[in-house]
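Biologist: I would like to learn how to read a model like this one, step by step. Could you show me the structure and then take me through its features?

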Amino acid sequence: MLPLRQIPPSLRTLLAFVGLVFFGPAFAAPSPSLSTLSSQRSTSPVPAGMVLLPAGIYVPLQRTLKDAAQINVAAFLLDELPVTNAEFLAFVTANPKWQRSKVSPLFADSSYLENWTDDLLLGDQAPEHAPVIRVSWFAARAYARWTGKRLPLTAEWEFAASAGYTRADGKNDEQLSRDLYAWLARPVPPILADVATAKKNFYGVRGLHGLIWEWVDDFNTAMVTGESRADSGLERDLFCGAGSVGAKDTTDYAAFMRQALRSSLKANNTTSSLGFRCAQVLPE
Amino acid sequence: MKTLSLLTLTTLFFCISLPLSSVAMAKEDAGTTAGPIAEKDACCKPAPVVTPKPPACCAATPIQNPQSQIENFTRSSLYQSDGTFTDDSGKSFALSSLRGRPVVLNMFFASCGYACPLTVTDLLSIQGRLSAEQRSKTIFVLVSFDVTRDTTAALAQYRAQRGLDAQWILLRGDNDSVRELAALLGVKFKQEADGSFAHSNLVTILNSEGEIVHQRTGLQGGLAEATAALASCLK
């Protein structure tokens, strides 16, 4: 690379200008968030393993006419990675009532941690650094509280997950779309990959797509009754005001899948591809 | 996909209640952040940033510890959950204090203009079908979704308006407790931008151990079944 000093001043100005024109737009969209990032980082350090998500906007997938068209998401902290088997093992070790043989059926169904060898033994099917799966909402919530955190809200999770690899607006990130749809088309592998294999998104959060599905704290706000692709309006017999419920973007298939999953779950359900990560309010 | 087939299993009955005009006005300035953001503020409060604390639902661990001084609840008892609620006289209320009596439980909000009043009317009808002796043993519990507007005063006013007797317990709770109870019952709810709630219409009957023995879904019928379920708990 040519040292800057060797470039004539006039050319330097020109290069700077070209840089602005070509790269300006790319930075224009995220620049408010980047400035938020740096200003907030300077006052409150981000805890290890967490990422600061700037304030942003979440556009709900489905809403009634009474719902807000968009929801403002305040800046918050989100785990960089999903919770792993090893981390969850530490939790159940410290809280025996959450061990597989001891948990109440009210809080976790019969396949809770089924891929572990024993109460306190992970085994071949549950590598230490693979995301923990087969956990219920109650268990995920209990873990989060144990660590002084909480589960992310739908709006927060979706906002974080709406980013692409290199831009805040993931919808126009072709690589992300390719990865996401390839993942949706594949059956869940019997043994999940190490969380470290997950790519970073624009904000630095990893594994929101392509590894597992994740619990959110307010999963039980998702109300869908029918087959999701046809469900642009909720069934009139079952919902008052059903005619006014509509979807904003029917092309966002993956988001429909998530909405469908959330609406189908009970809080004690566990599945072979459902894990979680934690969030936290910004420290003062 | 598996998830899609799961979906068809979900048959929930919801009502998106009609907002009262005063409600709409009160919430107008809350604007777009009325939903999750308002929730977030509340649910973040108990989570300390530095000190890890045991999860609330781990604190009462009566089942596996025979030496425990806490009463042992059955494995399916809702009373294992230790959500904190307050009744309409302002006293703090533990759900587990209901143990020993059958309970008819419904989640609602006082400003609801459609489904909740109908459901309360149905519950009054169930109460009317019971014999005097059964009535004296059965507790009716209403728990509000509306952590903001359903203050103890608002609940007390609701009790007076609907003429609910001493067998009725009206409760409010923090966001976490309300969401956890809804999750335990299988109730879905969502706050609308105008402050009202869309929610499942689901009446739950608990036996004296706090186990779910019957649920009525929807707004139509089911009173005879609910009354029968209650009567079987009283035998």
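This is a predicted model: local features need pLDDT of at least 70, side-chain atom pairs count only at pLDDT 80 or more; totals for chains, interfaces and linings use all residues.

Biologist: How many helices and strands does chain A have?

Modeller: Helices (H or I, at least four residues) and strands (E, at least two) are DSSP runs, numbered from the N terminus. By that reading, chain A has seven helices and nine strands.

Biologist: In what order do the three strands of the open sheet in chain A lie?

Modeller: Strands of a sheet pair through backbone hydrogen bonds, either parallel or antiparallel. Two strands count as paired if DSSP finds at least two bridges between them. Here the order is β1-β5-β9 in chain A, with antiparallel pairing, and the edge strands, each pairing on one side only, are β1 (50-53) and β9 (279-281) of chain A. Four bridges link β1(A) with β5 (residues 76-79) of chain A, and Val51(A) has Leu78(A) in β5(A) as its bridge partner.

Biologist: Which strands form a hairpin in chain B?

Modeller: They are β9(B) and β10(B), with five residues between them, and Gly210(B) in the turn has a positive phi of about 85°. Five bridges join β9 (residues 202-206) to β10 (residues 212-217) of chain B, and these strands run antiparallel; Leu202(B) stands opposite Thr217(B) in β10(B).

Biologist: Why does Glu174(A) count as exposed?

Modeller: A residue is buried if 20 or more other C-beta atoms, placed from the backbone, lie within 10 Å of its own, exposed if 12 or fewer, and partly exposed in between. Glu174(A), which lies in helix α6 (residues 174-185) of chain A, counts as exposed because it has 10 C-beta neighbours inside 10 Å. Of the 284 residues of chain A, 44% count as buried.

Biologist: Which residues touch the most other members of the largest nonpolar core?

Modeller: A nonpolar core is a set of buried Ala, Val, Leu, Ile, Met, Phe, Trp, Tyr and Cys residues joined through C-beta atoms within 7 Å. In the largest, with 118 residues, they are Leu78(A), Ala139(A), Ala140(A), Ala160(A) and Val104(B). Helix α4 (residues 137-146) of chain A gives the most to this core, with seven residues.

Note on methods. Residues are numbered from 1 along each chain as its sequence is written. Chains are lettered from A and ligands numbered from 1 in the order in which they are written.
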